[in-house]
Amino acid sequence: MSDVAARLTEIVGGGNLLTGEAISEDYAHDEALTAEPQKPAYVAKPATAEEVAELLKAASEYNVPVTARGSGSGLSGAARPQADGLLISFERMNAVLEVDTGNHVAVVQPGVTLAELDAKTAEAGLGYTVYPGELSASVGGNVGTNAGGMRAVKYGVTRNNVLGLQAVLPTGEIIRTGGKTSKISTGYDLTQLIIGSEGTLALATEITVKLHPRLAHGATVLAPFGDFGQVMAAVPAILSSGLAPHILEYIDNLTMAAIVYNEKLELGVPDKIRETSEAYLVVALENRETGRLEEDVETVGELLGELGATDVYVLEGNAARKLIEAREKAFWTAKAAGADDVIDVVVPRTAMPQFIAKARELAMAAGGGALGCGHAGDGNVHLGIFCKDDAKRKQLLTDIFAYAMELGGAISGEHGLGRTKAHYHSELEDPAKIELMRRIKQSFDPAGILNPGVLFPEGTA
């Protein structure tokens with residue numbers, strides 16, 4: 001046994017350290033389409049923050065690169081380890097430590113999945129509202145990428161719903177940031193700095209999340225439009241109406257056709273309307289009283305009609321649930337259709353029509369295609385990119401990302417940069433900001449062991 005393996009075994013125990021053939025393929029990748037799987041040299045499964053601290057001390061001492069892993073459901077390659085590296089899997093740190101009904105918070109370990117947290121908080125009539133579309137995702141992974149999802153239009157993304165962290169620095173110190181308070185103005189906000197840092201600054205070992213009361217009644221409205229521009233024009237009108245939808249999504253006609261076929265959905269939309277629709281708007285509403293919900297549904301239906309919808313369909317319980325589930329699986333639909341990459345660019349929501357039109361134009365010019373859906377309420381566009389030639393695809397993505405940034409947007413709204421988009425960020429972002437990020441990275445991680453190659457391309461950080 002090597003010195004490194006012996007040291008790691010001392011920390012987590014022989015049964016919780018994997019090496020060689022004992023490391024399964026599942027630890028070699030996340031769900032990014034363009035990041036090749038890579039098994040690490042070691043997989044450690046700590047049970048406490050103290051064990052995580054000792055693992056990071058050892059990694060710094062032996063100069064072993066470290067990657068953190070929750071459920072491996074990420075889409076940017078940030079959870080893909082290095083060949084000579086240590087993968088810290090949080091699968092044993094998966095407890096909901098507390099549901100505090102007085103302060104409307106839960107305290108959880110990073111390996112807790114969204115499904116597990118949802119079941120536990122439901123017992124108290126509360127819920128965690130970050131909903132990135134994969135309930136097997138871990139809360140720690142959500143913190144790493146600042147995950148968003150369909151409910152962000154009403155409830156915000158991860159950083160709007162995490163109040164505090166216990167985190168381990170790569171030098172081995174255990175710190176606490178924030179807590180159960182809803183506001184703080186005391187020094188730098190380290191909680192927010194760590195959220196979205198994709199495992200490059202510190203590893204979260206305990207997370208305090210905000211909870212909201214569960215509203216008992218919900219309804220989903222589906223509106224096909226013959227013109228994509230009308231779909232986008234409808235979004236600010238709905239948000240200005242005071243209806244406060246918790247889901248506001250657009251789905252283009254080809255993506256809708258694919259998910260209807262794959263999921264065998266029965267939405268009640270006649271063939272004639274489907275054939276003339278360019279895109280669909282999905283509006284989900286919730287309320288604590290059925291009467292008020294019915295009024296809101298009627299109001300949104302009338303508004304959508306005035307805004308150019310071909311028709312309006314109020315989906316019943318099972319159909320509504322299946323449509324939302326199918327929308328959540330849009331990534332898998334794109335993957336099954338042969339997409340060569342998936343991107344989640346974000347732009348100001350009023351710029352969505354011109355951005356999507358330009359992205360499609362660029363893709364066609366490159367001999368490919370760009371299809372998809374997105375969070376219309378917050379400008380987050382999810383596109384499956386079809387372009388087999390690697391060089392052409394790289395240039396296409398560069399052009400798409402550059403145009404998004406020109407419109408005031410960013411390369412990623414919720415998936416993160418990881419390994420797959422880091423070089424685009426390095427090429428297109430303001431060099432002064434990149435250099436500042438490098439200095440922040442250096443101050444947290446002087447040995448450079450945490451997720452090298454993530455956020456900063458290999459050899460640049």
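## The second largest pocket

The second largest pocket has a volume of about 760 Å³. The structure is a predicted model, in which local features need pLDDT of at least 70, side-chain atom pairs count only at pLDDT 80 or more, and totals for chains, interfaces and linings use all residues. Residues are numbered from 1 along each chain as its sequence is written, and side-chain values use heavy atoms, with hydrogens and water left out.

A pocket here is an open set of points on a 1 Å grid over the protein atoms alone, with protein on both sides within 12 Å along at least five of seven lines; a 1.4 Å probe fits at the points, and lining residues have an atom within 4 Å of one. Points are joined across faces, edges and corners, and the volume is the space filled by probe spheres set on them.

The lining of this pocket counts 31 residues. Nearest its centre lie Arg 151, Leu 215, Gly 218, His 246 and Glu 286. Five elements each supply at least two lining residues: β11 (212–213), β12 (217–225), β14 (279–287), β15 (313–315) and α11 (317–328). Helix α11 gives the largest share, 6 residues. Helices (H or I, at least four residues) and strands (E, at least two) are DSSP runs, numbered from the N terminus.

## Domains and annotation

The chain is divided into domain 1 (1–89), domain 2 (96–213), domain 3 (218–327) and domain 4 (338–418). These bounds come from an automatic or database domain assignment. The C-alpha centres of domain 1 and domain 3 are 43 Å apart.

An unreviewed UniProt entry places the feature "domain: FAD-binding PCMH-type" at residues 35–214. UniProt positions are given in the numbering used here, with feature names shortened, and annotations may be inferred rather than shown by experiment. The span 35–214 is 22% helix and 24% strand, and its end C-alpha atoms lie 38 Å apart.

## Nonpolar cores

A nonpolar core is a set of buried Ala, Val, Leu, Ile, Met, Phe, Trp, Tyr and Cys residues joined through side-chain atoms within 4.5 Å. The largest has 55 residues. Tyr 250, Leu 281, Leu 304 and Phe 355 have the most contacts inside it. This core draws at least three residues from each of domain 3 (218–327) and domain 4 (338–418). Apart from it lies another core, of 25 residues, with Leu 8, Ala 58, Ala 59 and Ile 88 among them. In soluble globular proteins, nonpolar side chains tend to be buried together.

## Helix α2

Helix α2 covers residues 49–62, 14 residues in total. From first C-alpha to last it reaches 20 Å, close to the 20 Å expected at 1.5 Å a residue. That expected span is 1.5 Å times one less than the number of residues.

The buried residues of α2 are Ala 49, Glu 51, Val 52, Ala 53, Leu 55, Leu 56, Ala 58 and Ala 59. Buried means under 20% relative accessible area, exposed over 50%, and partly exposed in between (1.4 Å probe, protein chains only). An α-helix has 3.6 residues a turn, so residues three or four places apart point the same way. After α2 comes Asn 63, with a positive phi near 55°.

## Positive phi in two loops

Most residues other than glycine have a negative phi. Glu 198 has a positive value, near 55°. Glu 198 sits in the loop between α6 (190–194) and β10 (203–210), and counts as buried because its relative accessibility is 6%.

Ala 244 also has a positive phi, near 50°. Ala 244 is in the loop between α7 and β13 (247–252). Its relative accessibility is 40%, so Ala 244 counts as partly exposed.

## Other sites along the chain

Ala 234 lies in helix α7 (residues 228–240). Ala 234 is buried because its relative accessibility is 0%. Its C-alpha is 35 Å from that of Gly 140, 94 residues apart along the chain. Asp 341 lies in strand β16 (residues 341–346). Asp 341 is buried, with a relative accessible area of 6%. Asp 341 and Pro 110 are 231 residues apart in sequence and 28 Å apart in space, C-alpha to C-alpha.

Ala 28 is in the loop between β1 (17–19) and β2 (42–44). At a relative accessible area of 1%, Ala 28 is buried.
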